[in-house]
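Please take a moment with the sequence and the three-dimensional view below before reading on.

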Amino acid sequence: IQYDDDFKRFNPVAFSQRSKIRDSYWPIDSFGNLAGAIWLGRKQYQKFEHTYAVRLLERARGKLTPEGEKLSVVMSRIAILDYAETYNAEHIWLASDIELVGAHKMFKTLGFEAIQNSEKDADGQLKMVLDVDKLRND
């Protein structure tokens with residue numbers, strides 16, 4: 001993996017540590033190139049105990065599948081449903097920087113909704129939750 005600007009937030013050390021405590025999914029594009037990383041695992045927030053994080057490389061952002069779906073949505077849906085089935089997760093929550101408007105759009109497409117309808121939590125991050133059954137039935 002070449003750690004470029006995409007990995008400022010998930011530098012090699014953080015990248016490795018997160019992968020040790022979460023289930024990691026490494027989606028690749030049709031050419032076999034790494035498209036990003038998706039992590040799911042147990043971390044309590046309010047009444048929700050499963051969390052999700054995603055990091056897409058620039059080359060994967062905004063790309064469509066041959067069927068016309070956003071690649072980021074398809075990759076996340078597959079990972080979330082696999083994780084939910086494995087761990088019997090009914091809800092999955094996430095925390096996102098408030099400025100990541102494009103990511104919020106993807107999260108909403110997957111079915112994530114803001115927790116308590118707040119714009120952001122005390123730590124400055126937007127918290128969202130997904131009812132996995134809604135994703136499963138889409």
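A pocket, as the word is used here, is found on a 1 Å grid over the protein atoms alone, and is an open set of points with protein on both sides within 12 Å along at least five of seven lines, its lining residues being those with an atom within 4 Å of a point. The structure is a predicted model, in which local features need pLDDT of at least 70 and side-chain atom pairs count only at pLDDT 80 or more, while totals for chains, interfaces and linings use all residues. Residues are numbered from 1 along each chain as its sequence is written, and side-chain values use heavy atoms, with hydrogens and water left out.

The second largest pocket is lined by 13 residues, and D29, S30, K63, L64 and L71 are the ones that lie nearest its centre. Its volume, meaning the space filled by probe spheres set on the grid points, which are joined across faces, edges and corners, is about 210 Å³. Sorted by class, the lining holds eight nonpolar, two polar and three charged residues, where Ala, Val, Leu, Ile, Met, Phe, Trp, Tyr, Cys and Pro count as nonpolar, Asp, Glu, Lys and Arg as charged, and the others, Gly among them, as polar.

A nonpolar core is a set of buried Ala, Val, Leu, Ile, Met, Phe, Trp, Tyr and Cys residues joined through side-chain atoms within 4.5 Å, and buried means under 20% relative accessible area, with exposed over 50% and partly exposed in between (1.4 Å probe, protein chains only). The largest such core has 27 residues, and L40, Y52, I80, I92 and F112 have the most contacts inside it. Among the elements that give two or more residues to this core are β2 (36-45), β3 (48-56), α2 (71-87) and β4 (91-97), the helices (H or I, at least four residues) and strands (E, at least two) being DSSP runs numbered from the N terminus. The most comes from α2, which gives seven residues.

Y52 shows how parts of the chain meet: leaving aside neighbours within four places in sequence, Y52 is in contact (heavy atoms within 4.5 Å) with residues including I38, L40, S76, I80, I92, M106 and F112. A second, separate core of five residues includes Y45, F48, W93 and V129.

Helix α2 itself has 17 residues and reaches 24 Å from its first C-alpha to its last, close to the 24 Å expected at 1.5 Å a residue, a span that is 1.5 Å times one less than the number of residues. Among its buried residues are L71, V74, M75, I80 and Y83. After α2 comes N88, whose phi is positive, near 55 degrees; N88 lies in the loop between α2 and β4 and is exposed, at 63% relative accessibility. Another positive phi, near 50 degrees, belongs to Q46, which lies in the loop between β2 and β3 and is partly exposed at 40%.

Lastly, H104 sits in helix α3 and is buried, with a relative accessible area of 9%. Not counting residues up to four places away in sequence, H104 touches S96, D97, I98 and L126. Of these, D97 lies in strand β4 and is partly exposed at 25% relative accessibility, and its C-alpha atom is 9.5 Å from that of D123, 26 residues apart along the chain.

Definitions and conventions: 1 Å grid on protein atoms, 1.4 Å probe; cavity = no way out; pocket = protein on both sides within 12 Å on 5 of 7 lines; lining within 4 Å.
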